[in-house]
Amino acid sequence: MRLSRYFLPVQKETPAEAEIASHRLMLRAGMIRQASAGIYSWLPLGYKVLKKIEAIVHEEQQAAGAIPVLMPTIQSADLWRQSGRYDDYGAEMLRITDRGEREMLYGPTNEEQITEIAGFGIRSYRDLPRILYHIQWKFRDEVRPRFGVMRGREFLMKDAYSFDIDREGARRSYNRMFVSYLRTFERMGMKAIPMRADSGPIGGDMTHEFLILAETGESAVFLDRDLADLTLGDAAIDWEDADALQAIVDRYTASYARTDDTHEAAVFEKEVPEERRLTARGIEAGHIFYFGTKYSKPLNATVTTPDGTNVPFESGSYGIGVSRLPGAIIEASHDDRGIVWPEAVAPFEVAVINLRQGDAAADGACEDLHGKLTAAGLDVLYDDRDERAGAKFATIDLIGIPWKVVVGPRGLKEGVVELVSRRTGETETLTPDAAINRLAALYGRA
Ligand code: 5CA
């Protein structure tokens with residue numbers, strides 16, 4: 001992509017309404033534009049990031065055995081009356097009446113809808129377990145939408161729902177999603193720590209929030225420092241091995257980690273030695289929840305058991321804040337010049353910077369690099385604008401591109417360009433072909 005032909009409305013001024021770094025940077029980098037309170041358009045750069053995040057979520061959900069579907073945003077009030085949530089949900093629910101005076105709503109979540117679908121499509125215990133998910137827009141009329149996409153009114157969520165015949169089955173599905181979340185966030189270059197959440201009237205230990213540590217996070221968190229250092233790595237997971245999955249979950253839930261909702265100071269002090277007690281703030285990136293027969297019972301969604309009786313499904317729901325993640329990732333990864341994207345979710349993987357637009361040698365070398373990097377499968381942004389070098393660096397660093405190939409007449413006389421890392425600032429001088437090979441290897445496209 002040539003920057004001269006792209007749509008990248010970067011802003012020099014810091015927007016007054018933005019209170020936190022990610023909101024400021026997303027507006028300044030031209031990623032989003034507010035349409036109305038808590039509702040945003042995703043401009044090309046933001047949209048690219050959102051799509052990369054979505055792709056990782058899709059891949060990891062399906063790797064863990066979840067099956068993609070797509071349910072509508074507009075739902076009928078009827079199912080919500082059956083579950084009893086139509087009145088409970090209150091003012092957060094956007095209620096709509098159609099021309100036939102039928103009561104509809106813009107879905108804030110999809111438990112009722114998916115339970116109806118599972119009840120229709122799953123008859124026998126032989127058809128279990130199943131996990132169905134979609135990535136779809138939600139609407140919650142939050143009292144105080146704020147921090148840009150982090151607490152929006154319209155937001156994109158991945159929500160998965162599991163269907164099992166008993167609690168043991170539900171635990172296995174829960175563990176699949178738990179481990180899948182660890183992988184999903186790690187792939188995005190993030191550390192999201194599972195913390196015990198409030199299980200409400202259902203009780204039990206099967207509800208966790210996944211929090212990304214960041215100073216501006218909305219939740220206070222209290223945890224054993226050792227947990228913050230745990231990583232899964234890219235070891236293969238056997239999704240059919242229930243014991244192995246349980247072992248991973250046990251490892252991640254063995255030490256104290258809670259948000260302010262469930263924190264108990266006395267337990268924290270008893271369980272965690274003082275030097276390992278970490279008190280910080282975090283952003284909720286995901287939330288997984290076992291809720292048993294809460295929806296299957298009232299909606300009469302049942303399945304036949306081996307002895308021929310009918311029982312309601314045992315279920316859980318598993319959410320990821322897809323449109324919150326660009327903001328959360330920026331909160332955890334930026335500096336005073338701008339965004340520092342992890343490679344896996346960067347809108348462009350490499351920027352080619354022409355230091356002297358109009359110089360025949362520089363223009364030719366940049367065209368060549370742009371073509372060859374693209375052919376190698378890399379997502380390239382070529383800054384071909386007729387601008388000072390300083391302005392080009394400022395833009396590319398603001399929008400957080402992980403690698404820059406810097407091309408100028410002086411270097412080209414020696415046959416070299418510079419490869420610069422956004423994260424470390426480290427610079428390597430090498431031939432254009434060597435730069436292409438290095439980048440292809442870095443991104444695993446070699
Ligand atoms: N039905 C369950 C799980 S499928 C559910 O709705 N859970 S939730 O309310 O916790 O939302 C799931 C995730 O969506 C949260 O962890 C958070 O990352 C994201 N989320 C929730 N509300 C908002 C919001 N107003 N703006 C942006 N993201 C949000």
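Why is strand β16 (residues 314-320) largely enclosed by the rest of the structure? Because 7 of its 7 residues are buried, where buried means under 20% relative accessible area with a 1.4 Å probe, protein chains only. Strands here are DSSP runs of E, at least two residues, and helices are runs of H or I, at least four residues, numbered from the N terminus.

A word on the source: this is a predicted model, with residues numbered from 1 along each chain as its sequence is written. Local features need pLDDT of at least 70, side-chain atom pairs count only at pLDDT 80 or more, totals for chains, interfaces and linings use all residues, and side-chain values use heavy atoms, leaving out hydrogens and water.

Helix α6 (residues 167-187) packs against helix α8 (residues 242-253) at about 65 degrees, with the axes 9 Å apart. Those axes are lines fitted to C-alpha atoms over the stretch in contact, and angles run from 0 to 180 degrees between N-to-C directions. On the α6 side, the contact (heavy atoms within 4.5 Å) includes R171, F178 and L182, while α8 brings residues including L245, V249 and Y252.

**Q75, a tucked-in glutamine**

Q75 sits in strand β4 (residues 74-76) and is buried, with a relative accessible area of 2%. Its side chain makes a polar contact with the side chain of W80 at 2.7 Å; that term means a pair of N or O atoms within 3.5 Å, where within protein one must be able to donate a hydrogen and the other to accept it, and residues adjacent in sequence count only if both atoms are side-chain atoms. A polar atom of the Q75 side chain also lies 3.1 Å from the backbone oxygen of T109. Leaving out residues up to four places away in sequence, Q75 touches W80, M104, L105, G107, T109, N110 and Q113.

**Helix α1**

Helix α1 (residues 21-28) is mostly covered, with 6 of its 8 residues buried. Among the elements covering those buried residues are β1 (32-36), α10 (325-332) and α12 (389-398). After α1 comes G30, with a positive phi near 65 degrees.

Conventions:
Buried means under 20% relative accessible area, exposed over 50%, partly exposed in between (1.4 Å probe, protein chains only).
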